[in-house]
Amino acid sequence: MHHTQSNLIEINEKIKNKINDLSLSEYNPKVIAVSKTFSEEDIMPLIKYGHCDFGENKVQEAQKKWPKLKELNKNLKLHMLGRLQTNKVKNAVEIFDYIHSLDSLKLANKISNEIHKKSKKIKIFIQINLGSEKQKSGIEPSDLEQFYNNCKTLKLDIIGTMCIPPDTKDPRHFFKDLMQLNKKINLPEISMGMTNDYLDALEYKSTYLRIGTGIFGKRTK
Ligand SMILES: *Cc1c(COP(=O)(O)O)cnc(C)c1O
């Protein structure tokens, strides 16, 4: 068995056990295998195993790796996780099925234009800057409701919110904040939890766990 397969199986097992411990029935979070920097060689075994959700953080890299794989496997869903520049939106909407990093009105406008031009269906998460970190992108929590209403006017299919907590602090209170914000605007999905904290994210009802290192190993690029 390929190491990415055994890693994923182990992670799925841990998730199942944690959900049992939490006594949450009918809770079925998805794992996004974050394949940035890794090649087809490491991705193919997961596709063969039947895994469908994959994540990348750069449009150009995704364009190189995924058109062929998606052609062979119609069930694959590709998630854009990284910061998206407006000049890359045209290419992004061609290859991605989900965008987790909507972080400005300018970007929302651009995405809206492109998906309506091409009649593409893309599901979108609003990224929230919970730590109010200057270097990180995301909508301020206090601006979320207004921003969400603007997105609805643009006819974007907003399905949830996303966060990347500051890595120096205990992520749990950020997870809790995002869960509450998400509830406030009544969205079904939450994108939070990475290799180091996906089990914590389950306590706050994350529905999309973004796991890279835990599945593929350490990134060297
Ligand atoms: C790289 C990345 C991940 C995965 O990180 P790991 O710690 O390797 O699991 C998750 N989310 C985003 C936005 C990323 O860029």
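Lys205 is partly exposed, with a relative accessible area of 38%. Here buried means under 20% relative accessible area, exposed over 50%, and partly exposed in between (1.4 Å probe, protein chains only). This is a predicted model: local features need pLDDT of at least 70, side-chain atom pairs count only at pLDDT 80 or more, and totals for chains, interfaces and linings use all residues. Residues are numbered from 1 along each chain as its sequence is written, and side-chain values use heavy atoms, with hydrogens and water left out.

**Two loop residues.** Lys205 lies in the loop between α8 (198-202) and β8 (208-211). Helices (H or I, at least four residues) and strands (E, at least two) are DSSP runs, numbered from the N terminus. Lys205 is not a glycine, yet its phi is positive, at about 65 degrees. Glu26 also has a positive phi, near 55 degrees, and is a residue other than glycine. Its place is the loop between α1 (3-21) and β1 (30-34). Glu26 is exposed, because its relative accessible area is 86%.

The ligand sits in the largest pocket. A pocket is an open set of points on a 1 Å grid over the protein atoms alone, where a 1.4 Å probe fits, with protein on both sides within 12 Å along at least five of seven lines. To sit there, a molecule needs more than half of its atoms within 2 Å of the grid points. The residues around the ligand (a heavy atom within 4 Å) include Val34, Lys36, Thr195, Gly212 and Thr213. This shell divides into five nonpolar, three polar and three charged residues.

| Residue | Atom | Distance to a ligand oxygen |
|---|---|---|
| Thr195 | polar side-chain atom | 2.4 Å |
| Gly212 | backbone N or O | 2.9 Å |
| Thr213 | side-chain N or O | 2.4 Å |

Taken alone, the ligand exposes 390 Å², and the protein buries 89% of that. Accessible areas come from the Shrake-Rupley method with a 1.4 Å probe.

Gln127 belongs to strand β5 (residues 123-127). Gln127 is buried, because its relative accessibility is 5%. Its side chain reaches the backbone oxygen of Ser137 at 3.4 Å. Lys152 is part of helix α6 (residues 144-153). At 45% relative accessibility, Lys152 is partly exposed. Asn91 is 61 residues from Lys152 along the chain, and their C-alpha atoms are 23 Å apart.

Key. Polar contact = N/O pair within 3.5 Å; in protein donor to acceptor, adjacent residues only side chain to side chain. 1 Å grid on protein atoms, 1.4 Å probe; cavity = no way out; pocket = protein on both sides within 12 Å on 5 of 7 lines; lining within 4 Å. Nonpolar A, V, L, I, M, F, W, Y, C, P; charged D, E, K, R; others polar.
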